[in-house]
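Work through the exercises below with the model open beside you. Try each task before reading its solution.

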Amino acid sequence: MELEKQIQADMVSAIKAKEAVRLAALRGIKAAILLAKTSEGANGEVSDADIVKIIGKLVKQRKESAEIYAQQGRQELAENELAEAAAMEVYLPKQLSEAEVEAELQKIIAETGASKMSDMGKVMGVATKRLAGQADGKLISTLVKKLLS
């Protein structure tokens, strides 16, 4: 709940400072949190870990949208999406580098005893839990495939 309070306080400061892009990003986060709170089974509570997952998802959406806008030649929209993503990333844990993710995956492969591609599911299950919020799922998947092949 601390993260939610921090986001609320940052919204107030963004309003006072007239930071339109940051405010839009924070409002997007706030809306997603409210949606999660009112969803079935949430009983009105959302943990900080859940909020981090929500923010990660929103950042990924913004980056994908920016990529599409850039492909269509709509650079001003792409820049806005990337600016919102950057404003949201402040609330995410530090992202691991590719080398750090690969080192962690090698430890997980050793722990699970995985040796072939058919063991990828075991490795991915452990890796996605352990590296949640610290690495992109696509990167994890790519590196697991590389290490197991």
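**Fold and ground rules**

Read along the sequence, the chain follows the pattern α-α-α-α-α-α-α. That is seven helices and zero strands; helices (H or I, at least four residues) and strands (E, at least two) are DSSP runs, numbered from the N terminus. The C-alpha atoms fill a box of roughly 55 × 45 × 25 Å along the principal axes.

The model is predicted: local features need pLDDT of at least 70, side-chain atom pairs count only at pLDDT 80 or more, and totals for chains, interfaces and linings use all residues. Residues are numbered from 1 along each chain as its sequence is written, and side-chain values use heavy atoms, with hydrogens and water left out.

**Exercise 1.** Describe how H1 packs on H3.

*Solution.* Step 1: get the geometry. Helix H1 (residues 2-16) and H3 pack at an angle of about 55°, with axes 8 Å apart. Axes are lines fitted to C-alpha atoms, for helices over the stretch in contact, and angles run from 0 to 180 degrees between N-to-C directions.

Step 2: classify. H1 is therefore oblique to H3. Angles under 35 degrees count as roughly parallel, over 145 as roughly antiparallel, 65 to 115 as roughly perpendicular and the rest as oblique.

Step 3: list the contact (heavy atoms within 4.5 Å). Glu2, Leu3, Glu4 and Ile7 of H1 meet Asp48, Ile51, Val52 and Ile55 of H3. By class, this contact has five nonpolar, no polar and three charged residues. Here Ala, Val, Leu, Ile, Met, Phe, Trp, Tyr, Cys and Pro count as nonpolar, Asp, Glu, Lys and Arg as charged, and the others, Gly among them, as polar.

**Exercise 2.** Characterise the crossing of H5 and H6.

*Solution.* Step 1: the axes of helix H5 (residues 98-112) and helix H6 (residues 120-130) come within 10 Å and cross at roughly 130°. H5 and H6 are therefore oblique to each other.

Step 2: the crossing is right-handed. A crossing is left-handed if the near helix is turned anticlockwise from the far one by less than a right angle, and right-handed if clockwise.

Step 3: H5 contributes Glu104, Leu105, Ile108, Ile109, Glu111 and Thr112, while H6 contributes Lys122, Val123, Val126, Ala127 and Arg130. The class count is six nonpolar, one polar and four charged.

**Exercise 3.** Which residues of H5 and H7 meet, and at what angle do the helices pack?

*Solution.* Step 1: the angle is about 55°, with the axes of H5 and H7 10 Å apart. That makes H5 oblique to H7. The crossing is right-handed.

Step 2: from H5 come Glu98, Val101, Glu102, Leu105, Gln106 and Ile109, and from H7 Leu139, Ile140, Leu143, Val144, Lys146, Leu147 and Leu148. By class, the contact holds nine nonpolar, one polar and three charged residues.
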